[in-house]
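This briefing goes through a single protein chain, from its overall architecture down to one side chain. Please keep the sequence and the coordinates at hand while reading.

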Amino acid sequence: MDGNLKNVVIMTKEEGYVRKPDSTANLALIKVRYLKYPKIYELMSDRHIRYNETLEYIEEQEENGQAFVLRPQEKSDVGRIEKDSEKLRALYEEGYQEAEENYEALLNYLEAGMETN
């Protein structure tokens, strides 16, 4: 994670989440909508691959102690472009509670190895 020895990562998706490719219909709409900008279509058509590679990288960093990850424990019904304020508030509250429950573990993670500096 770019030279940092310790990172705190806050996820909005539960452990095990895998992004699926956009539907052909959705990609067709993007292609038409952004006809003057073909790179947008290109990036959108394979963004699930980059997203999933990033998730794998974060998991590797978590396993080797370079990342402390906070994530929802349950699958959320909050969409990518969510506008329902109640759903957003519920996800926020869940994240806040998750942070409270992991506060001591996070402090221990951040302080580990600091006494040698």
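Which pattern does the protein chain follow when it is read along the sequence? In this predicted model, the order of the elements along the sequence is β-α-α-α-β-α-α, and the protein chain has five helices and two strands. The radius of gyration is 18 Å, well over the 13 Å that the globule rule gives for 117 residues, so the protein chain is more spread out than a compact globule.

**Overall dimensions and surface**

- Taken along the principal axes, the box that the C-alpha atoms of the protein chain fill is roughly 55 × 35 × 20 Å.
- Among the contacts in the protein chain that have a separation of 6 or more, 72% are accounted for by residues 24 or more positions apart.
- The side chains of the protein chain include 16 positive and 25 negative ones, and the centres of these two sets lie 14 Å apart.

**The strand pair**

- Strand E1 (residues 7–10) and strand E2 (residues 67–70) pair in the parallel sense, and the pairing runs over four bridges; within this pair, Ile 10 stands opposite Leu 70 in E2.
- In a regular strand the side chains alternate between the two faces of the sheet.
- In E1, Asn 7 and Val 9 make up the covered face, whereas Val 8 and Ile 10 make up the uncovered one.
- In E2, Ala 67 and Val 69 point one way while Phe 68 and Leu 70 point the other way, and all of these residues are buried.

- Which residues is Leu 91 in contact with, once its neighbours within four places in sequence are left aside? These contacts are with Thr 12, Pro 72, Ser 76 and Val 78.
- Leu 29 is 62 residues apart from Leu 91 along the chain, and the C-alpha atoms of the two residues are separated by 30 Å.

Conventions. Residues are numbered from 1 along each chain as its sequence is written. This is a predicted model: local features need pLDDT of at least 70, side-chain atom pairs count only at pLDDT 80 or more; totals for chains, interfaces and linings use all residues. Side-chain values use heavy atoms; hydrogens and water are left out. Buried means under 20% relative accessible area, exposed over 50%, partly exposed in between (1.4 Å probe, protein chains only). Two strands pair if DSSP finds at least two bridges between them. The radius of gyration is taken over C-alpha atoms; the globule rule is 2.2 Å times the number of residues to the power 0.38. Contact means heavy atoms within 4.5 Å. Lys and Arg count as positive and Asp and Glu as negative; His and the chain ends are not counted. The place of a charge is taken as NZ of Lys, CZ of Arg, CG of Asp or CD of Glu.
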